[in-house]
Structures are given as structure tokens and as C-alpha cells.
Amino acid sequence: MDRLPENDIPMLVSAINFLLRDEVFDNLDQVCYYFDKDRKQLEAKIATGGFHYDEKQKRFW
């Protein structure tokens, strides 16, 4: 995956959860660094779709 599907919140959440679940990345900070995204802005955008990040589970809900 060379970019995140940012125009569709559910697809964005799915893509990030996939990257974390399949252990491509260890945490959300690594995902943000790789795709050159500000974590706070990314989480705020995803929150508009009703999702939040769970540090312990390493996934968006």
C-alpha cells in the first residue's frame, strides 16, 4: 500500500487496522511516520466517523 484511502473513513480505518493487525507496523505512530501523516490530525479525521484508537488493542473501533 503506497497511500492511505483518506477520502473514505471506514476504508481508512480498515486499512490502518489491517496494517497493524498483520504486523506491518507495531503502532499508530509508525503508520503515521511511514505515510507522513500527523497523528493528531489523522485521529481527528477518523473520529468524525465515530471511530477512536485503542492503544492497548492497537486498532480503531
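Where does R39 lie? R39 lies in helix 3, in a predicted model where local features need pLDDT of at least 70 and side-chain atom pairs count only at pLDDT 80 or more, while totals for chains, interfaces and linings use all residues. Residues are numbered from 1 along each chain as its sequence is written, and side-chain values use heavy atoms, with hydrogens and water left out.

**Figure 1. R39 in helix 3.** Helices (H or I, at least four residues) and strands (E, at least two) are DSSP runs, numbered from the N terminus. R39 counts as buried because its relative accessibility is 18%; buried means under 20% relative accessible area, exposed over 50%, and partly exposed in between, with a 1.4 Å probe and protein chains only. Not counting residues up to four places away in sequence, R39 touches L28, D29, C32, Y53 and E55. Contact here means heavy atoms within 4.5 Å.

**Figure 2. Helix 1 against helix 3.** The axes of helix 1 and helix 3 (residues 39–47) come within 9 Å, and they cross at roughly 130 degrees. That angle makes helix 1 oblique to helix 3. Axes are lines fitted to C-alpha atoms, for helices over the stretch in contact, and angles run from 0 to 180 degrees between N-to-C directions. Angles under 35 degrees count as roughly parallel, over 145 as roughly antiparallel, 65 to 115 as roughly perpendicular, and the rest as oblique. Helix 1 passes helix 3 in a left-handed crossing. From helix 1, the contact is made by I9, L12, V13 and I16, and from helix 3 by L42, K45 and I46. These residues divide into 6 nonpolar, no polar and 1 charged. A crossing is left-handed if the near helix is turned anticlockwise from the far one by less than a right angle, and right-handed if clockwise. Ala, Val, Leu, Ile, Met, Phe, Trp, Tyr, Cys and Pro count as nonpolar, Asp, Glu, Lys and Arg as charged, and the others, Gly among them, as polar.

**Figure 3. The largest nonpolar core.** This core has 16 residues, and those with the most contacts inside it are I16, L28, V31, L42, I46 and F60. Helix 1, helix 2 and helix 3 are the elements that give two or more residues to the core. Helix 1 gives the largest share, 6 residues. A nonpolar core is a set of buried Ala, Val, Leu, Ile, Met, Phe, Trp, Tyr and Cys residues joined through side-chain atoms within 4.5 Å. Leaving aside neighbours within four places in sequence, F60 is in contact with V13, I16, N17, L28, E43, I46, F51, H52 and Y53.

**Figure 4. L28 in helix 2.** L28 is buried because its relative accessible area is 0%. Residues up to four places away in sequence not counted, L28 touches I16, L20, R39, L42, E43, Y53 and F60. L28 and W61 are 33 residues apart in sequence, and their C-alpha atoms are 13 Å apart in space.

**Figure 5. D26 in the loop between helix 1 (9–21) and helix 2 (28–34).** D26 is partly exposed, because its relative accessible area is 47%. Apart from its neighbours within four places in sequence, D26 is in contact with L20 and K58. The C-alpha atoms of D26 and D36, 10 residues apart along the chain, are separated by 16 Å.

**Figure 6. E23 and its positive phi.** Most residues other than glycine have a negative phi. E23 is not a glycine, yet its phi is positive, at about 60 degrees. E23 has its place in the loop between helix 1 and helix 2, and it counts as exposed because its relative accessibility is 64%.

**Figure 7. K58 and its positive phi.** K58 is found in the loop between strand 1 (53–54) and strand 2 (59–60). Although K58 is not a glycine, it has a positive phi of about 55 degrees. K58 counts as partly exposed because its relative accessibility is 31%.
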